[in-house]
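Subject: Structure handover

Hello,

Here is the structure I promised you. Please open it next to this message.

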Amino acid sequence: MGKLHTPHGTIDTPVFMPVGTQATVKAVTPKILEELEAEIILSNTYHLYLRPSHELINEAGGLHKFMNWNKPILTDSGGFQVFSLADLRKISEEGVEFQSHLDGSYHFFSPEKVIEIENNLGADIIMAFDICSPYPCSYEDAKKDLEITLKWAKRCKTAHQREDQALFGIIQGGMYEDLRLRSVQEMVELDFPGYGIGGLSVGEPKHLMYKVLDVLNPVMPKNKPRYLMGVGSPDCLVEGVMRGVDMFDCVLPTRIARNGTAMTSRGRVVVRNATYQRDFTPLDPKCDCYTCQNFTRAYLRHLIKAEEILASILLTIHNIRFLINLMKNIREAIWEDRLPEFRQNFFEEYGYKEYL
């Protein structure tokens, strides 16, 4: 367990961070997020740079004021978004030239430009610019990506000016143990206040992700937060904590909510399925969220079939609360020194036989 102190509040770790890519967590208001006890949310540098622009957000008083969220915010560097634009970008040691997915216009991100954008946005935690290696990836390509990422990390640290923002470095190296260990060694020498673990959850089997985390766990600093980027399924949260991870984020809970799927203590429930047409029970009888306390699966299915906006709102409320409660229960299990037992019981109830 840990406490991460920021200018906008203290975060209890391990923690799950809902994603608000474009300065909003989809389908919920900031007030609802507070009621769900979200401690920190993410926004995205790449998307906010393109629309409405970092200058406009800075003019509005920064991201917190712009979106009326008074708790901590983390902004990623846009590295993953640029990585996902495979056919629309060119990478050099200087930076990345890319085309906007909105209108095809050309832009250039250098480490210095990314830090300028993130300084303008004003989040509490900001991420260094990096190259996220795809999966699969050859050793030579992963090594080249890592070497550029390490150079960019130094440039990001030099460019970073705001003392009220914590700049995290990002560990890369693909699925290769020696590259990951080199990444940790050189990133730690730069003495960042925290470290992201990037290049995972990019299509590799989960056992490979866990193998990389097993390599990193004993060598990463124990007194600084470790952030596993882009990971948010319940099984990965539990297994990540078992391997020393403090922070997680993912669009998964909000995305599947909009597609009619709920996370529950007994596994996923695809609410749009006909089997729930006359199911007058809550999504999850163990859940204390507004949705589970007031509505049935049958009603939620009706909203989905009728294409009502309320379906997305209620399922998003539930999925975010489910993961926040999961992390609270994990913290309690750590505090009471029963994390292995908690893991066993969770997977038995959730139905993840492959973990038992």
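Below are my notes on pockets, a cavity, a strand, a helix and aromatic rings.

First, the ground rules. This is a predicted model, where local features need pLDDT of at least 70 and side-chain atom pairs count only at pLDDT 80 or more, while totals for chains, interfaces and linings use all residues. Residues are numbered from 1 along each chain as its sequence is written, and side-chain values use heavy atoms, with hydrogens and water left out.

Pockets

A pocket is an open set of points on a 1 Å grid over the protein atoms alone, with protein on both sides within 12 Å along at least five of seven lines; a cavity is a set where a 1.4 Å probe fits but cannot get out; lining residues have an atom within 4 Å of a point. Points are joined across faces, edges and corners, and a volume is the space filled by probe spheres set on them.

The largest pocket has a volume of about 930 Å³. Its lining has 42 residues, and Phe-80, Gly-230, Asp-249, Cys-250 and Val-251 lie nearest its centre. Helix 11 gives the most to this lining, with 4 residues. Helices (H or I, at least four residues) and strands (E, at least two) are DSSP runs, numbered from the N terminus. The lining divides into 15 nonpolar, 19 polar and 8 charged residues. Here Ala, Val, Leu, Ile, Met, Phe, Trp, Tyr, Cys and Pro are nonpolar, Asp, Glu, Lys and Arg are charged, and the others, Gly among them, are polar.

The second largest pocket has a volume of about 340 Å³. Of its 18 lining residues, Met-1, Thr-13, Lys-222, Gly-244 and Asp-246 lie nearest the centre. Strand 1 (residues 2–6) supplies the largest share of that lining, 3 residues.

Cavity

How many cavities of 30 Å³ or more are there? The count is 1. The volume of the largest cavity is about 40 Å³. Helix 5 (79–84) and strand 6 (89–91) each give two or more residues to its lining. Helix 5 has the largest share, 3 residues. By class, the lining has 6 nonpolar, 1 polar and 2 charged residues.

Strand 5

Both faces of strand 5 (residues 73–76) are covered. Ile-73 and Thr-75 are buried on one side, Leu-74 and Asp-76 on the other. Buried means under 20% relative accessible area, exposed over 50%, and partly exposed in between (1.4 Å probe, protein chains only). Strand 5 pairs in the parallel sense with strand 4 (residues 41–44) over 4 bridges. It also pairs in the parallel sense with strand 9 (residues 125–127), over 2 bridges. Two strands pair if DSSP finds at least two bridges between them. Thr-75 is the bridge partner of Ser-43 and of Ile-126.

Helix 13

In helix 13 (residues 297–305), Arg-297, Ala-298, Leu-300, Arg-301, Leu-303 and Ile-304 are buried. These pack against strand 15 (267–270), helix 12 (290–294) and helix 14 (309–335), with contact meaning heavy atoms within 4.5 Å. Just after the helix, Glu-307 takes a positive phi of about 55°.

Aromatic rings

There are 18 aromatic pairs. Rings of Phe, Tyr and Trp (its six-membered ring) pair if their centres lie within 6.5 Å; planes under 30 degrees apart are stacked, over 60 edge-to-face, the rest tilted. Phe-98 and Phe-109 form an edge-to-face pair, 4.8 Å centre to centre with 70° between the planes. Phe-98 lies in strand 7 (residues 96–99) and Phe-109 in strand 8 (residues 106–109), so the pair ties together parts 11 residues apart in sequence. Both are buried.

Best wishes
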